[in-house]
Amino acid sequence: MLKSLCVKNFAVISSVEFSPKPGLNVFTGETGAGKSVAISALSFALGSRGSVSLIKDGADKLEVQAVFDTSSLPREICQKYNLQGTFCLTRTLDRKGKGKAFINKMPVPVTALAEIGKELVDFHGQHEHQSLLHADVQLNLLDHYARLQTLKSQVFSAWKKWQEALAQLQAAQMSEQEKQRQLDLCAFQLKEIESVHPKPGEDLELDQKLPQIKHAGKLLELAAQAYQFLYEDENSATALLGRASRQVADMAQMDESLERVADALAQAESLISDACAEISDYRDGLDADPQTIDEILTRHEKLKRLKLKYGPELEDVLKTAAEMKAQIERLQNAHLVEEELQKTAQKYRQQLDSLCEEIHEKRCGAAQKLSALLQKEISPLGFDGLCFEIAVEMDPQTPGPTGADQVEFLFSPNPGQTPRPLRQTASGGELSRVMLGLKTILSGEIGTMIFDEVDTGIGGRTATLVGQKLRQVAQGRQVLCVTHLASVAAGADAHFFIEKTTDGKTTQVGLKELSPKEIPQEIARMLGALSDTDAVALSHAQQMIDAAHGK
């Protein structure tokens, strides 16, 4: 459960901090006030993609801190990140695009925030219900409900092995003309790489040497001069410092107050001696021979061309060479392995078919249960005579990475109508209610659910029913809901008002929790009241609040 959220310099927010309560928390404000910004900031803190464009104008960096408790976190996550009681997730991003992430002030990768976040919060964005129109989303929702992740990964693994075996078989079965064409191409590419004889890490070593190589003559001249000034001249720095050091040492024998100076000079003499040795070694290591320089530059250019063609990195070039060798060997021995490859492909296909049958049966069973549950969940949301079905059809001839099933959500909002695909029949408001029902069913043990304008496209009695459903969903957990409907806001356990202000130069967004006296005024505003003293609107607002809370 989210205990508090602190947002600094995020989008139009300079600084906002609030503490949502258990139950239903609503966020309201005028259109365009930035009601969803705080939700976006929480999503950022939980690992969603960030951009420097999110940083408020005039600020150097943004920062979001989210404090949660561990009540809904799986034990393995708590153990993995040593989480107990309440803990703080922090994420920052500066103008250079450099981001940092922390758990209780300990630095972690952003992926850690995402791993924890998916167990803490379930987000439902403004337009997420539109994703229900896509067949792959419907399939994934059914699989999530049926907890088929492990079996699904087994199906994918079997499908991938089958595809690889088919590719090898296809290579073995190709015509002699095509086989020779591929052999020639692979041989040409392999020869192009092997003629250069690239070595792992060689390009990086040359990159480090290039500045020295290009300026070898000048560096050699400067190094020789520096060594002359430091050591070789009669009055070199080493000679003069040595004389001075010995004189001060003699003086320190007579006056102890000079011992520190004598020690400092002795230390300086040692440091200069070391510097002389390093410059001498550096000078001796320089090679200003034009032929050597040309050879190194030519070598660097050859490696560069290989990386452009087979890279981007030299390791990719070496990997390509290994793949070419393996491909050449497969092509040359294709006639010997064709029969074995056919057996292998057939074996993997049989494994895949068996897994497709298994996952199909589980999907069919789960589809019946999920259809019944979803119909029960959303029937009270303004649907009279609703019919909802999930069709699972299997085509065993064309298995894919998720199996051989096609999943389709079928929907009829009115009695007497044959259920048809959801994408053909459902309006935006109907889709949002279907998604609300799915979220309610699939949320599991997640402690915090967020609905960002889930009431899009609805109004009147349906809006009241959705408000009641949100209160029901919020029982025993925490719900954060951005809404523009008074009938939804009236049922809130905590009501937060978001207001955008501007002085003509800058824009600020503020957020505050409304007091019991202020809540009816905000509900009245949402109903269309033009002033805080509109008695009729205030009375209506209070009646809505009382009705929503069963008073």
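Trainee: What makes E4 and strand E5 (residues 86–94) a pair of strands?

Mentor: In this predicted model, E4 and E5 are joined in the antiparallel sense over 9 bridges. Pairing requires at least two bridges, so the two strands qualify. One example is aspartate 69, whose bridge partner in E5 is threonine 86.

Trainee: How do you know that strand E1 (residues 2–10) pairs with E4?

Mentor: The count between E1 and E4 is 6 bridges, in the antiparallel sense. Since the requirement is at least two, E1 and E4 are a pair. Within this pairing, leucine 5 stands opposite alanine 66 in E4.

Trainee: What makes strand E6 (residues 99–103) and E7 count as paired?

Mentor: E6 and E7 are linked over 2 bridges in the antiparallel sense. The criterion is at least two bridges, so E6 and E7 meet it. Phenylalanine 102 has proline 107 in E7 as its bridge partner.

Trainee: Why are strand E2 (13–18) and strand E7 (106–107) said to stand at the edges?

Mentor: The sheet is open and antiparallel, and its 6 strands run in the order E2-E1-E4-E5-E6-E7. E2 and E7 each have a single partner strand, so one side of each is left without a neighbour in the sheet.

Trainee: Why is asparagine 104 called partly exposed, and why is arginine 147 called exposed?

Mentor: The relative accessibility of asparagine 104 is 37%. That value falls between the cut-offs of 20% and 50%, so asparagine 104 is partly exposed. Arginine 147 has a relative accessible area of 74%; exposed means over 50%, so the term applies to arginine 147.

Trainee: How do you know that the peptide bond between glycine 311 and proline 312 is cis?

Mentor: Omega of the bond joining glycine 311 and proline 312 is about 25°, and the bond is assigned as cis. Most peptide bonds are trans. Proline 312 is in the loop between helix H11 (290–310) and helix H12 (314–332).

Trainee: How do you know that the span of helix H6 (residues 176–194) agrees with expectation?

Mentor: At 1.5 Å a residue, the 19 residues of H6 should span 27 Å, and the end C-alpha atoms are 26 Å apart, which agrees.

Trainee: What makes one face of H6 the buried one?

Mentor: The buried residues of H6 are Lys179, Gln182, Leu183, Cys186, Gln189, Leu190 and Ile193. Seen down the helix axis, they fall within an arc of 140°, so they line one face of H6. On the other side of H6, Glu176, Gln177, Phe188 and Lys191 are exposed.

Trainee: Which residues touch the most other members of the largest nonpolar core?

Mentor: That core has 54 residues, and Leu132, Ile390 and Phe409 touch the most other members. Helix H15 (residues 428–442) gives the most to this core, with 7 residues. A second, separate core of 45 residues includes Cys78, Ile116, Val121 and Ile450.

Trainee: Why is leucine 373 called partly exposed?

Mentor: Leucine 373, found in helix H13 (residues 334–378), has a relative accessibility of 35%. Leucine 373 and leucine 258 are 92 Å apart in space, C-alpha to C-alpha, and 115 residues apart in sequence.

Trainee: Why is valine 110 also described as partly exposed?

Mentor: Valine 110, in helix H3 (residues 110–120), has 28% relative accessibility. Buried would require a value under 20% and exposed a value over 50%, so valine 110 is partly exposed. Leaving aside neighbours within four places in sequence, valine 110 is in contact with Gly47, Arg91 and Ala101.

Trainee: How confident is the prediction, and where is confidence lowest?

Mentor: The protein averages a pLDDT of 85, and 95% of the residues score at least 70. Confidence is lowest in helix H7 (residues 202–214), at a mean of 76, and highest in strand E4 (residues 61–69), at 94.

Technical notes: Residues are numbered from 1 along each chain as its sequence is written. This is a predicted model: local features need pLDDT of at least 70, side-chain atom pairs count only at pLDDT 80 or more; totals for chains, interfaces and linings use all residues. Side-chain values use heavy atoms; hydrogens and water are left out. Helices (H or I, at least four residues) and strands (E, at least two) are DSSP runs, numbered from the N terminus. The expected span of a helix is 1.5 Å times one less than its number of residues. Buried means under 20% relative accessible area, exposed over 50%, partly exposed in between (1.4 Å probe, protein chains only). The arc is that of the directions from the helix axis to the C-beta atoms. pLDDT is the predictor's confidence in each residue, from 0 to 100. A nonpolar core is a set of buried Ala, Val, Leu, Ile, Met, Phe, Trp, Tyr and Cys residues joined through side-chain atoms within 4.5 Å. Contact means heavy atoms within 4.5 Å.
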